[in-house]
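Morning, everyone. Please bring up the sequence and the model.

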Amino acid sequence: MNLLEILIAVPAAGFLVTLFIPGAQEQLVRLFTLAVSFLAFALSLGLVAGYESGKTGQQFVDNIVWIAKPEIHWHVGIDGLSLWLIVLTAFLTPIAILVSWRSVQKQVKEFFAFLLLLEFGLIGVFAAWDLFLFYTFWEVVLVPMYFLIGIWGHDRRIYAALKFFLYTFAGSVLMLVSIIYIYTLAGTFDYATILELFRSGRIGLSHTEETLLFLAFFLAFAIKVPLFPVHTWLPDAHVEAPTAGSLMLASVMLKMGTYGLVRFCLPMFPLAARENAWWINVLAIIGIIYGALVAMVQPNMKKLVAYSSVSHLGFVVLGIFSFTQMGLDGAVYQMLNHGISTGALFVLVGVMYERRHSLAIKDFGGVATVAPWLATVFLITTLASIGLPMLNNFVGEFLILQGAAQARFVWTAWAAIGVILSACYMLWMYQRVFFGELSDEVKHHMPDFNIREWACVVPLVVMMVWMGMYSQTFIPVVSETNSHILDQTGTAIARASGGAVLALSPSDGAILNGGAFHAR
Amino acid sequence: MPASFAPSPTDLLRFAPETILTIAGTLLMVLDPLFARRTPRLFGHLSIVALVAAIFAAVSANSVHGVAFSGLLIVDDFGTYFRVLVLCIGILTVLSSYRYLSREDAETGEYHALILFSIMGQCVMVTANDLIMIFIGLEISSIASYVLAGYLRNDKRNNEAALKYFLLGSFATGFFLYGVAIIYGLTAKTQLPAIRAALNAPDTSLMVAGVAAALMFVGLCFKVSGAPFQVWAPDVYQGAPAPVSAFMATGPKAAAFAIFLRIFLTVFDRISATWAPVVWVCALASMTIGNFAALTQNNLKRMLAYSSIAHAGYILVALASDSDFGTSAAMFYLAAYALMNLGAFAVIVYISGKGEKHLRIEDLAGLGQRQPFTAAMMTVFLLSLIGVPLTGGFFGKFYIFRAALDSHLTWLAVLGLLNSAVAAYYYLRLLVVMYMYEPGEVANALEAPGPGLRAALVLPAIGTFVLGIMPGTVLSFTQNAALFGK
């Protein structure tokens, strides 16, 4: 068992142990799950320390047979793409537990147990190198989130939980068909082997096959991202979920979709990915602008943040399907940034909901006068979210826009509208909530942070500044893996066209010169 | 050749499980008047002992593969697998019946004897190597189930269920018998290997064989409640006593699928191009009708009945793929299906209360808060029925749809998996009610489950996880068995 496997096992073991703690021992449950999540976070830092940059391929690999026939492997490992997403998961889980410390009062044991199960599934998704194992973790994640929304959510929680589950499930069954189809061709679920078989041309997919398989995978991931127009589950799920649920959902679960796009869709189906990139990018840009416009008119803070996620994730998809090194680096970095800043927004909205028992913007006003620290932290987070330089989102968005411009400038032009709009809706909300007239309810029910809440927000703010000021900590590792992924898609294309550069239209040439056809 | 009709000791060993069940069943009938008043639980205990003994007998009989009684029966891996499966189904049924029977004041030896006889018939079915034996096994199993369906004779719903099941069931058996007669007319044989050889002879009329296959298909499709012969299932499952519904939805179905597989994949394999498309249509129809009808049900038993039609559809997909792997997938799925269905029915037995008054979905409200253990078990079964990974139901579906893709039934696989997404809705509804509704009167009045019921919940849950996490052992056994010794 290597460090990665211990990290996967710790939340799972924590989950099982928690189930056996008597339900009445609520404080014990909280402390125990918090300890487990801290342990997992410490282990994830161990991964960072042990990760050797400069090596391509996976590290912390373990590959043993799980089921002999048909051969399914327990094959886990990480590379630069999954490393930070795993750390993000482990970083946010203790915050999710802390933020629910007081606000969750019914069925306490189950709630915290489900958070650990969620962590287990999420880390597994990012670590799996066997398609079957990946699908297994992908589905396992659904179950705890379904219960988190459905049991501890707000008024329309049941509707939201069902919608969430069914959307994701319907998308992923088609992915399952594709996985089995690939298995019937390749005779294995092992992702590295499958990639090698595809790349070397020993398995030739016909054009139709490749397109259909790509679309099946893409649909499953697009629902998760969520990409316009399959995003409609997201606002419902976010608004109805408890704070910890929204936090994990926005910060990590949405990244499962974008992670899947980068990890599976690009390397396995490079031709189909490039052919379909134009309409995917159009959808991403529609998502960016549409999400921002809808966010602007939301009367509900949580819904506003939810729609802002649709907009932000549109940037990530645009970066991925620009097929440039910068675009891809920015996309992966933006996944992390969005996890931190939107996560912080949900935590802050949750803190305010606990005090005021309302999410409506009109029920607030003048909060800055009674809770100055809350207002300060909220402002920093707002500025991070709209992409102010020196804060984290700026780096990611800049790289994405730059990468998209290398591919096709018009995309950048349209996507940049989203940046402007995000400043509008965020600052306008900030103004209405924190300035203006102070009502009596707010005055008497809006104390500033307590120690536990400080403990939740300080790490997030530190990360926003760190990731904005010194992205060098994070990006080089990501960049290595991304260039490898782009190589993989590039060589596959070159091979398909007989080694020569494809006879492409000038605009398509512009897409390629970004990364894939670098003479490496 | 002077035939010796005296069975050899090996023959007796190969027939030992059936012998044990027959003796135990008869014994229970005799003991009934003596102990029914004083120690009514005795019958349940005795049947469990008999069933466990029969499992041991079945396993030891598997060490001497071969035919018994001049080729009427055959003991092979395939038969043994199904024998053990139906015997386990019997144990779980008996376990969940303890509470039910005492609640309804109906603890008799008769009930348990009927269960044992029915299982004995199923054991004969799955090891039969001769059409006449198959028919006899089918009748033993069915007649006992007809009586069980109407076991509480003062209950109107029981009577309705028994009558419907009996009339339609005999009608369907008639079809099967017609098929047997035609085959006999065509080949002058009743033993399966001989028929196979005769059908493979070049001058045999395949048209007539096709007619016989069609008639048998109708009879068997009825028994497994596959569309378009599924209409009886919801009424019968709803009317029969809950443990009996659980039994009927799993035991006879598994046995019927066993002979389905054995006949169609060995005897009729030469005309598979004729029957496979028919099975394709029936599979899709069963999945679609079952799942969409289940969406609108408000009665738990009825909902599970429709869901069992859909699951029969999934297994028919495996049959339509017409391959060894398909057979093995069907065998695996039947085990996973039996476990999750018996578990879910055990929960229904638990919550329904005296006279089965509480069968609405809302009656589960708040079970998660009032009886967290039972609710957790039900969650396992529901997740397995949905097909979430790490449960047996998921692996079963996975193997079935893999078999379908192997045989290039891509559309059937896609439509089948989309169907399973539809199915997720109505199973999730139960989870919603259990965990997200405030406890209702029913949940508040429930007492903790007794030891029998608890075992009937825990054992299938463990089995579901074992099949979901370590399916390797079972799967390698089924893959071997699916070759039929070819």
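This is a predicted model: local features need pLDDT of at least 70, side-chain atom pairs count only at pLDDT 80 or more; totals for chains, interfaces and linings use all residues.

A:His357 has 10 C-beta neighbours inside 10 Å, so A:His357 counts as exposed. Find A:His357 in the loop between helix H13 (325-356) and helix H14 (367-370) of chain A. Check the backbone there. Phi of A:His357 is near 55°, a positive value, and the residue is not a glycine.

Chain A has a second case. A:Gln107 is not a glycine either, yet its phi is positive, about 45°. A:Gln107 sits in the loop between H3 and helix H4 (108-127) of chain A. Buried, exposed or partly exposed? A:Gln107 has 19 other C-beta atoms within 10 Å, so the call is partly exposed.

Why flag these angles? Because most residues other than glycine have a negative phi, and most peptide bonds are trans.

In chain A, the bond joining A:Val225 and A:Pro226 is cis, with omega about -10°. A:Pro226 belongs to the loop between helix H8 (207-224) and helix H9 (233-240) of chain A. In chain B, look at B:Ala227 to B:Pro228. That bond is cis, with omega near 0°. B:Pro228 is in the loop between helix H9 (206-223) and helix H10 (232-239) of chain B.

Step back to chain A as a whole. Chain A holds 21 helices and two strands. Its C-alpha atoms fill a box of roughly 75 × 55 × 40 Å along the principal axes. Does the radius of gyration agree or disagree with a compact globule? For 520 residues, such a globule would be near 24 Å; chain A has 22 Å, so the two agree. Of those 520 residues, 60% count as buried. Now contacts. Take pairs in chain A at least 6 apart in sequence: 81% of these contacts join residues at least 24 apart.

Here is one buried residue up close. A:Val87 lies in helix H3 (residues 80-99) of chain A. A:Val87 is buried because 22 other C-beta atoms lie within 10 Å. Which residues does A:Val87 contact, leaving aside neighbours within four places in sequence? A:Ser44 and A:Val48. A:Phe41 is 46 residues away along the chain, but its C-alpha atom and that of A:Val87 are separated by 7.1 Å.

Over to chain B, helix H2 (residues 16-35). With 20 residues at 1.5 Å a residue, H2(B) should span 28 Å; the end C-alpha atoms are 27 Å apart, so that agrees. There is a kink, though. H2(B) bends by about 30° at B:Met29, shortly before the proline B:Pro33. The buried residues of H2(B) include B:Pro17, B:Glu18, B:Ile20 and B:Leu28. What do the buried residues of H2(B) pack against? Helix H3 (41-61), helix H4 (77-103) and helix H5 (109-127) of chain B.

Last stop, the interface. Chain A and chain B each bring 26 residues to the contact. On the chain A side, helix H5 (131-152) and helix H6 (157-186) are the elements giving two or more residues. H6(A) gives the most, with 14 residues. By class, that side has 19 nonpolar, four polar and three charged residues.

Terms used: Residues are numbered from 1 along each chain as its sequence is written. Chains are lettered from A and ligands numbered from 1 in the order in which they are written. Helices (H or I, at least four residues) and strands (E, at least two) are DSSP runs, numbered from the N terminus. The expected span of a helix is 1.5 Å times one less than its number of residues. The bend at a residue is the angle between axes fitted to the seven residues ending there and the seven starting there. A residue is buried if 20 or more other C-beta atoms lie within 10 Å of its own, exposed if 12 or fewer, and partly exposed in between; C-beta atoms are placed from the backbone. Two residues are in contact if their C-beta atoms, placed from the backbone, lie within 7 Å. Ala, Val, Leu, Ile, Met, Phe, Trp, Tyr, Cys and Pro count as nonpolar, Asp, Glu, Lys and Arg as charged, and the others, Gly among them, as polar. The radius of gyration is taken over C-alpha atoms; the globule rule is 2.2 Å times the number of residues to the power 0.38.
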